[in-house]
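Hi,

Here is the structure I promised to send over.

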Amino acid sequence: MINVFLKQLEGICHKDQSSISMLANASALLNEHLDNINWVGFYLYNNGKLILGPFQGKVACTEIAIGKGVCGTSFQRKALTNVANVHDFEGHIACDPDTNSEIVIPLIYEGKRFGVLDIDSLEYSRFSGDDEDELEAAAYIISKALANKK
């Protein structure tokens with residue numbers, strides 16, 4: 001079965017445009033595609049920390065140290081991090097105190113790390129195994145496009 005969302009994302013990521021424009025459109029597409037989320041966007045690796053990139057949602061934290069919070073931990077571990085209850089995650093950074101669950105997927109292509117895709121929800125346990133699979137595929141598409149823009 002063809003995943004229409006991933007095909008749309010590929011279309012966004014293969015256009016001749018800046019990385020910022022691509023990520024802005026990717027965050028808009030993710031925001032339209034995913035139900036019951038309150039924030040979706042990117043933190044980009046720059047000068048040893050994660051810097052806020054394009055996003056959809058409330059005002060967000062602008063810098064995250066590597067290894068700190070869900071984003072910094074996911075980036076450091078190079079692994080998807082799905083947190084059912086962020087209030088139980090030691091060191092969680094509460095940019096929006098109403099957020100209850102979060103999923104973060106590192107943006108990695110051929111060993112090079114670009115940042116993370118971060119998605120928050122007001123619901124506890126919002127993100128399923130199917131979400132994990134689809135979002136890892138999305139992160140791969142985005143990571144590959146970022147690698148080809150450098």
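Which hand does the crossing of helix 1 and helix 4 have? The crossing of helix 1 and helix 4 is right-handed (right-handed if the near helix is turned clockwise from the far one by less than a right angle, left-handed if anticlockwise).

Before the rest, some housekeeping: this is a predicted model, where local features need pLDDT of at least 70 and side-chain atom pairs count only at pLDDT 80 or more, while totals for chains, interfaces and linings use all residues. Numbering starts from 1 along each chain as its sequence is written, and side-chain values use heavy atoms, with hydrogens and water left out. Helices (H or I, at least four residues) and strands (E, at least two) are DSSP runs, numbered from the N terminus.

Back to that first pair. Helix 1 (residues 4–13) packs on helix 4 (residues 129–149) at about 15°, with the axes 10 Å apart (axes are lines fitted to C-alpha atoms, for helices over the stretch in contact, and angles run from 0 to 180 degrees between N-to-C directions). So helix 1 is roughly parallel to helix 4 (under 35 degrees counts as roughly parallel, over 145 as roughly antiparallel). From helix 1, Phe-5, Leu-6, Leu-9, Glu-10 and Cys-13 meet Glu-134, Ala-137, Ala-138, Ile-141, Ile-142 and Ala-145 in helix 4 (contact means heavy atoms within 4.5 Å). By class, that contact has 9 nonpolar, no polar and 2 charged residues (Ala, Val, Leu, Ile, Met, Phe, Trp, Tyr, Cys and Pro are nonpolar; Asp, Glu, Lys and Arg charged; the others, Gly among them, polar).

Now for helix 2. Helix 2 (residues 19–33) and helix 4 pack at about 170°, axes 11 Å apart, and are therefore roughly antiparallel. Helix 2 brings Ser-19, Met-22, Leu-23, Ala-26, Leu-30 and His-33 to this contact, and helix 4 brings Glu-134, Leu-135, Ile-142, Ala-145, Leu-146 and Lys-149. The class count is 8 nonpolar, 2 polar and 2 charged residues.

Helix 1 and helix 2 pack at about 165°, with axes 9 Å apart, which makes helix 1 roughly antiparallel to helix 2. Their crossing is right-handed. Phe-5, Gln-8, Leu-9, Ile-12 and Cys-13 in helix 1 meet Met-22, Asn-25, Ala-26, Leu-29, Leu-30 and His-33 in helix 2. No charged residues here: the contact has 8 nonpolar and 3 polar ones.

One last thing, away from these helix pairs. Helix 3 gives the most to the lining of the largest cavity, with 3 residues (on a 1 Å grid over the protein atoms alone, a cavity is a set of points where a 1.4 Å probe fits but cannot get out, and lining residues have an atom within 4 Å of a point). By class, the lining has 10 nonpolar, 3 polar and 5 charged residues.

Cheers

Notes. Angles under 35 degrees count as roughly parallel, over 145 as roughly antiparallel, 65 to 115 as roughly perpendicular and the rest as oblique.
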